[in-house]
Each structure stands twice: as structure tokens, then as C-alpha cells.
Amino acid sequence: MRNSYLVCYDISDDKRLRRVFQIMRGWGDHLQLSVFECQLTRAELAELKGELGEVIHHEQDQVLFVDLGPAEGRGDRVITAIGRPYTSFDAPCYVV
């Protein structure tokens, strides 16, 4: 069974930030600058955490995983927005 997760990160180094972003692009949908939505099994979640854990600096960086519950049966989206409407963020993200 897959659950939906919001994965949010705060990375203090630009090089590591780019590496985390590239890893995350392979796992989920890019929602905002440092926020992804991922639909993962428990094994995939562990694999993602392992990949990120090899890149981040554990004393300076933070990655949060918010479990939104089962991916199936939730309807199209549980994400709502105020201000600009939610749209899929497919444009490339450049970190300077």
C-alpha cells in the first residue's frame, strides 16, 4: 500500500541542495521550491531516506516527511491553496 508524503527540506549548502533536489525529482511531484509530494510504499520511503541520508549534513540540514495517509481513495488531491491556485510545478528549479 502506498501512502502520500509531503517531503520538505531545508539544506544549508547549495551543492547539497542541488543534489537533494535531483534525488527528489526522481521520487515525486515538485510542488514548491523545497516541497515534493511522493506516493511511496514503506520500502520506497526507507530507500528515499537512505538516499537523502547519504547526501545531507545531519547537523546542518533537515528533511521532513509528512504522512498524508493512503494514496488511494483520497480523491484527486488533498492539497488546496489560497492565493495562487495549486498547479503542478514542472519547470526546472535553479539554485544560485
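## Contacts and overall layout

A contact, as the word is used here, means heavy atoms within 4.5 Å. Among contacts in the protein between residues at least 6 apart in sequence, 74% join residues at least 24 apart. The structure is a predicted model, in which local features need pLDDT of at least 70 and side-chain atom pairs count only at pLDDT 80 or more, while totals for chains, interfaces and linings use all residues. Residues are numbered from 1 along each chain as its sequence is written, and side-chain values use heavy atoms, with hydrogens and water left out.

The protein has two helices and four strands, and its pattern along the sequence reads β-α-β-β-α-β; helices (H or I, at least four residues) and strands (E, at least two) are DSSP runs, numbered from the N terminus. Of the 96 residues in the protein, 31% are buried, where buried means under 20% relative accessible area, exposed means over 50%, and partly exposed lies in between (1.4 Å probe, protein chains only). The protein exposes about 6,600 Å², of which carbon and sulfur atoms supply 50%; accessible areas come from the Shrake-Rupley method with a 1.4 Å probe, and for residues only the protein chains shown count as cover.

## Helix 1

Helix 1 has twelve residues and spans 16 Å from its first C-alpha to its last, close to the 16 Å expected at 1.5 Å a residue, the expected span being 1.5 Å times one less than the number of residues.

The buried residues of helix 1 are Arg-16, Leu-17, Val-20, Phe-21, Ile-23 and Met-24. Seen down the helix axis, these buried residues fall within an arc of 160°, so they line one face of helix 1; the arc is that of the directions from the helix axis to the C-beta atoms. On the other side of helix 1, Lys-15 and Gln-22 are exposed, whereas the cover over its buried residues includes strand 1, strand 2 (29–32), strand 3 (35–40) and helix 2.

## Two salt bridges

A salt bridge is a side-chain nitrogen of Lys or Arg within 4 Å of a carboxyl oxygen of Asp or Glu, and by this rule the count comes to two. In one of them, Arg-2 pairs with Glu-44, the closest N and O atoms being 2.4 Å apart. Arg-2 lies in the segment before strand 1 (3–10) and Glu-44 in helix 2 (residues 42–55), so the pair ties together parts that are 42 residues apart in sequence. Arg-2 is partly exposed, with a relative accessible area of 36%.

Asp-61 and Arg-16 also meet through their side chains in a salt bridge, at 2.8 Å from N to O. This pair links distant parts of the chain, with Asp-61 in the loop between helix 2 and strand 4 (62–70) and Arg-16 in helix 1 (residues 14–25), 45 residues apart. Both Asp-61 and Arg-16 are buried.

## Two buried strand residues

Asn-3 lies in strand 1 and, at 13% relative accessibility, counts as buried. The residues that Asn-3 touches, not counting those up to four places away in sequence, include Cys-38, Leu-40, Asp-67 and Pro-70.

Phe-36 has its place in strand 3 and is buried, with a relative accessible area of 0%. The C-alpha atoms of Phe-36 and Met-24 are separated by 7.2 Å, although the two are twelve residues apart along the chain. Leaving out residues up to four places away in sequence, Phe-36 touches, among others, Tyr-5, Val-7, Phe-21, Met-24 and Leu-31.
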